[in-house]
Amino acid sequence: MNRNVPLISVRGVTKTFSGGLRANDGIDIDIRGGEIHAILGENGAGKTTLMNILSGIYHADSGEFLLRGSPIHIRSPKESIGHGIVMVHQHFRLIPPHTVAENIVLGLGTSFFSPLKGIERLIRDFSERYNLEVNPRARICDLSVGEQQRVEIVKALIRGATILILDEPTSVLTPQEIRELFDILKTMKKEGKAVIFITHKLEEVLQVADHITILRKGRVTASIPASSVDREKRGAKEELAKKMVGREVILTVKKPPVPSEDVVLEVSDLRILDDRGRQTVKGISFDVRKGEVFGIVGVAGNGQGQLVEALAGLRPLLGGTVNIRGDVGYIPEDRMGMGSVQGLTIAENSILTQYRNSCFAHGFLFDLPSIRDYAGALMTKFSVIAPSMHVPAKQLSGGNLQRLILARELSRNTKLLIAEQPTHGLDVGSIEYVWRFLLEQRKNAGILLVSGDLGEVFALSDRIGVIFQGKLTIFEQPFVEKEEEIGLRMTGL
Amino acid sequence: MWQLWVVETLRRALAYGTPLLLGTLGEIYTERSGILNLGVEGMMILGAFVGFITTFVTKNPWLGFLFGALVGGAASLIHGFLSINLRVTQVVSGLALTLFGLGLTGVLGRGWEGQPLKVSLSEFSVPFLNRIPILGDIVFTEQNMLVYIGLGLALLLWWLLFKTSWGITVRSVGEDPATADALGINVSLVRYGCTFIGGFLAGLGGAYLSIVYRPSWTQGMTAGMGWIVIALTIFSLWHPLIAVGGAYIFGSLFYLSFRLQPWVSPELLTIMPYLFTILAPILLNANRKLRRRMGAPGALGLPYSREEE
C-alpha cells in the first residue's frame, strides 16, 4: 500500500443542524493507515458530529470521503462498516443481560444452529493478538466499564475494522485501563489500521497520537504531526490548548458590581457519586453571594453535571454539606426534558414551578384569568414569540423555549438561581438576551452559572471556578491576566 | 388412595394446561422481541371459534387447529401493524384486539352455540413408556396428541431462543433495538415474526379449547385464559421451559376446580386459578433472588424508530 495515499480523506464536509447550528464547516482531514490520529476540540467543536457522519449515522450536507483515494458513499451504519469504518461510541452499544459472545455475534451472520461455536475461539484469538483480555462467556452487566470497552473493540475488530473511531475513550477509564488501551491502540497501529481518537485531553494526545487535528467551532484550526510538538518545551502544550480553546473575544457586557455580603449558597467538602457509582465530585467547597455570578466552567464529564443535580436536590450527597438560604430557581441544561413539559401549553408551563401559589389556584381549581394575565405579561417582557399562549411548548424554537423557562424562573425572584448551560445551542441574538437577564437578576439573587463555554463564563462571572476531575479551582477578578491560565486549567494542565 | 389422586390430578393437569402453555409460549416470543400484546384473550377466542367451525364443517380436527392458529396469527398482525408501523400505545392496541375478538365471535357465533362437535382428538397411551412407574401414568397414559405437541414446542422454542443465532437476534431486538439496528438487523421484520408466532400459538390454544377441552362453541368460552397467559408469561420469566411448569400448575388448578366440587363450593373453586394469578407474583416478589432475575425485556412495549439527528 502506498504510504502517501491516505486511508481515508475527508473533503469539505459541512453539516448544519435544523436549529441552524453549523457543527461542521468545510472540514478537510487526511487519515493514514498505521497512524493514531487524534481529533482534539472542546465540547461543541464538531468532533462527534464529524465522526457520526463518517460512521453513517448523520448525513453531511456537502463534502465527500475518499477511501484509499477513491470516492465512497456512506449512507448508513451498515455501509460504513462495509468500508471498514467502525465507531466505538462513548455510550457503549452493548446489551447488558447478554454475554460477550452473544453481543459480538449479533448481526454477524454466523451459522444458525451453533452461532457461538466458532466465535469463542475467534474472540480468544483476537484477545491474544491485541492483548485484550475478554471472557466470551461473561455477561456484559457483570463487566467493568474498561472491560466493556474492550468488548466493543473486539466487536469492531471481528467486523474487520480498518478504521477504528474511538469517541472520548478514556473519559470512563481508570489510569491503569487507559495505559492498557493505549497499548492496544499501538498494536492496531502496527498492523496498518487507522485509529481515530477523539478527545479533549491534551496530555493523552501527546502520549499516544501520531498526528493531531484540532477542531474549533466546526473548522480545522490546526493539523500537525505530533512529532512537531516538543513535549518538553515550555509553551508547546499551551500553544495547542490555545488553538483548541481559542482566545475568545470576550463580548463586552456592562457588568457593574453589585456588592453584597449575603451568602445564598454555601457548599463545603461536597462529594457525589455518579450513576455508575464512581465519585465524580471529590470534595468541592465554594459559596455564592447575592449580587454575583459565580461561574463554574469545565469540559463536560468532570463532575459539574452531578454537582448541579445534587444542588437541585436530584442526587444524594455522598458527603459534605450544602446550605441554601431561601428558594432555588433552576434553569436545567435539558430544556425540553427537565425544563419544560412539552405537551403542556405555554401558559401552563409558565406557572409550572408555582402552580399551587394562591395567585394561580384556589384550592384545587386554577384561577385561569390570572394565569392568562401572568403568562401574557411574561411573554411580552421576555419576548417569547408564539402563535398563542395556548399552544404546546413543543412548538417553540430552542431560543423561545429558553426565554420561557428564563421568564418562569427569574420571575419567581428566588434568592439563588442555578443556570446550567443556559445558552447552549442558541443563536447569538438569544445568547445576548439570556446574558442580559441573568446579569440583571443579580440585583435580587446570587447566580450559579455552570457552563462549558469559557467565553460565556468570562463575560458573566464575578468569580470563576474551574472544575476538573471533580475538583474546583477558584479564580478571583481581574481575569484579564488569567484568561490563559483558566483555559489551560480546564484541560488539566 | 391419595397417590392415585395425585397421579390423576397431574395427568389431567397436562391436558388442562396445554392451551395455557401454547398461549404462553407464543406471548414469550412476542414479548422477547419487545412487543407487548395484551390481545391474547381476543386471539384465543378467534382461534376457538374458527377452529370449532372448521372442525364442524370438515369433520377434521387437524384442519380446525390449523385454521384456528392461522386466524390467531392474522389477528396478531393487526396489533403488529399498529405497534410496529404506527407506533401506537401497545397496551391500547392489545386491549382493542381482545375486545374485537370477543365481540366479533359473540356476534358471528350465535347460531353455533350448543351444537356439539361429533369429532374430537382421540386419547391414547404410549406403549411401553406408559409402564414407567408414576411418570408413565402421568405423562404417557391417555393423553391427546396436542399435549405432546405443546411439550415439543416448548423444547423447540427454548432451543431456538437460547441456542441459535436467530434467538440471539430476537432477544437483542427486545432488549435494545437501536443496537440491533446499528448492526444491520431488520428490527421490524423480527418483531412482526415474533408477534405472528404469538398470535399463531394463541389461536392454536383457543382451537384446543373448542375442539378438545370442551368440544362445542360457547360465547366467551376462553373465560379469561388469555389473561392468565399474560400473567404466566411474567411468572415464567420469559423462559419457555419454566412456562411448562407454570402452565401445568394452572392446569391442575383448573382440573381440581371440577374434581373438588362434591366437597367445596363451586364458586370458590372457579376463582382458584384467578386467585393464584394474584398470589403468584406476590410470592415471586417475596423471594429476593427471583425478584432480581425477574427482568422484563429491556425494550418491552416501547415503539422503535431510527432517529435522524
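Student: Which residue is the bridge partner of A:Ser268 in β14(A)?

Tutor: In this predicted model, strand β11 (residues 263-273) of chain A runs antiparallel to strand β14 (residues 319-324) of chain A, and five bridges join the two. Within that pairing, the residue of β14(A) that bridges to A:Ser268 is A:Thr321.

Student: Over how many bridges do β11 and β12 of chain A pair, and in which sense?

Tutor: Strand β12 of chain A covers residues 279-289, and β11 of chain A covers residues 263-273. One of the bridges between them links A:Leu265 to A:Val288 in β12(A). Five residues lie between the strands of this hairpin, where A:Gly277 takes a positive phi near 85 degrees. The pairing is antiparallel, over eight bridges.

Student: Which strands stand at the edges of the open sheet of chain A, and why is one side of each left without a neighbour?

Tutor: The open sheet has six strands with mixed pairing, in the order β6-β7-β8-β3-β9-β10 of chain A. Two of these strands have a single partner strand each, so one side of each is left without a neighbour in the sheet, and these edge strands are β6 (85-88) and β10 (219-225) of chain A.

Student: Which residue in β8(A) stands opposite A:Ile165?

Tutor: Strand β7 of chain A, residues 163-167, pairs in the parallel sense with strand β8 of chain A, residues 194-199, over five bridges. In that pair, the residue of β8(A) opposite A:Ile165 is A:Ile196.

Student: At about what angle to β6(A) does helix α5 of chain A run?

Tutor: Helix α5 of chain A spans residues 145-158 and lies across β6 and β7 of chain A. Relative to β6(A), the helix runs at about 170 degrees.

Key
Residues numbered from 1 in each chain as written. Chains lettered and ligands numbered in written order. Predicted model: local features only at pLDDT ≥ 70, side-chain atom pairs only at ≥ 80, totals over all residues. Pairing = 2+ DSSP bridges. Helix = DSSP H or I, 4+ residues; strand = E, 2+ residues; numbered from the N terminus. Contact = placed C-beta atoms within 7 Å. Axes fitted to C-alpha atoms, helices over the stretch in contact; angles between N-to-C directions.
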